[in-house]
Amino acid sequence: MTLRPATPADTAALADLGRRAVSAKFQHLYKPEDFATFLAQAHSEAKVAKEIADPGMRIAVIEEQGALVAFCKLVIESTMPAGHSDAQKPLELKQLYTDPARIGGGLGAKLMDWAMAQAEEVGADEIQLSVYSENPEAQRFYHRYGFAKIADIEFWVGNHCDPEFLYAKRLVSEGHGLAAAEKV
């Protein structure tokens, strides 16, 4: 099993894994046309290729025997709704997905460790993410890493609006100005 940065050669497999993971967990909640619109917007090969090339993003994949089994996407400058946090340099955890057949096998933990290391590397003072309000499994996972709900937000799937939670985890490191301020 190898955790590595995504490359352009991963585009098709990454888009496919994203579509499969989201479909397995959420497809039953939506009208087919809304879900199809969402998949085309969020998990198309064109979208994934653009994300891989974006210097403002970091994407890691876990590969096993030549197949992608999990991935995590980070946005270095969070695009989450502002005004819910006083963080000066929040990083956004955009997606953390595992092959539906591999959930519970520790892949998410490996990716979360990677995400935390990346946040520290770029000097982020907070990691933000959104999680569906009716996804207690994901909420428990993020709680184990110290994330907490800071706001109610919306997430659109086609023409369908879902209630989401904005989660955040404050980061404090020796090399960050926030740590010095807290020591005073």
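Helix α1 has 16 residues and spans 22 Å from its first C-alpha to its last, close to the 22 Å expected at 1.5 Å a residue; the expected span is 1.5 Å times one less than the number of residues. Helices (H or I, at least four residues) and strands (E, at least two) are DSSP runs, numbered from the N terminus. The model is predicted: local features need pLDDT of at least 70, side-chain atom pairs count only at pLDDT 80 or more, and totals for chains, interfaces and linings use all residues. Residues are numbered from 1 along each chain as its sequence is written, and side-chain values use heavy atoms, with hydrogens and water left out.

The buried residues of α1 are Thr11, Leu14, Ala15, Leu17, Gly18, Ala21, Val22, Ser23 and Phe26. Buried means under 20% relative accessible area, exposed means over 50%, and partly exposed lies in between (1.4 Å probe, protein chains only). Contact here means heavy atoms within 4.5 Å.

Two packed helices are described by the angle between their axes and the distance between the axes. For α1 (residues 11-26) and α3 (residues 45-53), the axes come within 9 Å and cross at roughly 115 degrees. Axes are lines fitted to C-alpha atoms, for helices over the stretch in contact, and angles run from 0 to 180 degrees between N-to-C directions. On the α1 side the contact is made by Thr11, Ala12, Leu14, Ala15 and Arg19, and on the α3 side by Glu45, Val48, Ala49 and Ile52. By class, the residues of this contact are 6 nonpolar, 1 polar and 2 charged. Ala, Val, Leu, Ile, Met, Phe, Trp, Tyr, Cys and Pro count as nonpolar, Asp, Glu, Lys and Arg as charged, and the others, Gly among them, as polar.

The strands come next. An open sheet of 7 strands runs in the order β1-β2-β3-β4-β5-β7-β6, with mixed pairing. Its edge strands, β1 (2-5) and β6 (148-157), each pair on one side only. Neighbouring strands of this sheet are turned by 25 degrees against each other on average, direction ignored. Helix α5 (residues 136-144) packs on the sheet, where it touches β4, β5 and β7 (160-170), and its direction makes about 165 degrees with that of β5.

Strands of a sheet pair through backbone hydrogen bonds, either parallel or antiparallel. Two strands count as paired if DSSP finds at least two bridges between them. β1 and β2 are antiparallel over 4 bridges, with Arg4 opposite Val61 in β2. β2 and β3 are antiparallel over 8 bridges and form a hairpin with 2 residues between them, where Gln65 in the turn has a positive phi of about 50 degrees. Ile59 stands opposite Lys73 in β3, and the bridge partner of Lys73 in β4 is Gln95. β3 and β4 pair in the antiparallel sense over 6 bridges, whereas β4 and β5 pair in the parallel sense over 3 bridges.

Within the sheet, 8 of the 9 residues of β3 are buried. Val69 is found in this strand and counts as buried because its relative accessibility is 7%. Not counting residues up to four places away in sequence, Val69 touches Leu17, Ile62, Glu64, Thr98, Asp99, Arg102 and Leu107. β5 is largely enclosed by the rest of the structure, because 6 of its 7 residues are buried.
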